[in-house]
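Visitor: Please show me the model, and then we can go through its side-chain contacts.

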Amino acid sequence: MKFVNFKIPTNREAVLSTVSDFRLVNQKLKSADGEPAPGVTVKKLGENLFRIRCNYIGGPTKDDGFVEGTFFLGFAKNVENGCRMKGIILTEPVFHVIFSVLFVFLLVKSIMASAIPVMPLCLLAFVIFMLRKEYKKQNMLYRYLVRAVKATLG
């Protein structure tokens, strides 16, 4: 989970049009050989509210993002002297809530049975191993937003 808070000295429409065009934002981006390029899809949810979903494009397999994937949920609104963009970058929020409840349940059951809590730790390692690419997308999405702001300013 990452928090985003940008103050941009331009209007909201210019920022949203730049954020929507990922080819323009990723124009000078150099990726490692064999790594698919990051792409985004922007969906407006209201007048100021929007969601940016991160996915890999051009890879050997389709990037389905599991259930929810990694996304930015935030808003951009015009304020004096520019635009304010605020939001949060999340990875699989529904899964993580369910997993946290299961993890706590298993941990409590292990402690109540006076046992060493091995199962919750194995489960935690498995989830981190399986979702490591999704966790990397949080930084990619944050860097994408920074590049989009820089591209808007010229």
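Visitor: Is Glu13 buried, partly exposed or exposed in this predicted model?
Guide: The relative accessible area of Glu13 is 43%. Buried would need under 20% and exposed over 50%. Glu13 is therefore partly exposed.

Visitor: Which residue does the side chain of Glu13 meet in a salt bridge?
Guide: The N to O distance is 3.5 Å, and the cut-off for a salt bridge is 4 Å.

Visitor: How many salt bridges does the structure hold?
Guide: Another joins Lys137 and Glu134, with the closest N and O atoms 2.9 Å apart. The structure holds two.

Visitor: What separates Lys137 and Glu134 along helix α5?
Guide: An α-helix has 3.6 residues a turn, so residues three or four places apart point the same way. Lys137 and Glu134 are three residues apart in α5, which covers residues 132–153. Both are buried. Their separation is therefore about one helical turn.

Visitor: How far apart are the end C-alpha atoms of α5, and what span should its residues give?
Guide: Helix α5 has 22 residues, and at 1.5 Å a residue these should span 32 Å.

Visitor: Which residue just after α5 takes a positive phi?
Guide: Helix α5 runs over residues 132–153, and its buried residues include Val149 and Thr152. Just after the helix, a phi of about 95 degrees is taken by Gly154.

Note on methods: Residues numbered from 1 in each chain as written. Predicted model: local features only at pLDDT ≥ 70, side-chain atom pairs only at ≥ 80, totals over all residues. Heavy atoms only, no water. Buried < 20%, exposed > 50% of the residue type's maximum accessible area, 1.4 Å probe, protein only. Helix = DSSP H or I, 4+ residues; strand = E, 2+ residues; numbered from the N terminus. Expected span 1.5 Å × (residues − 1).
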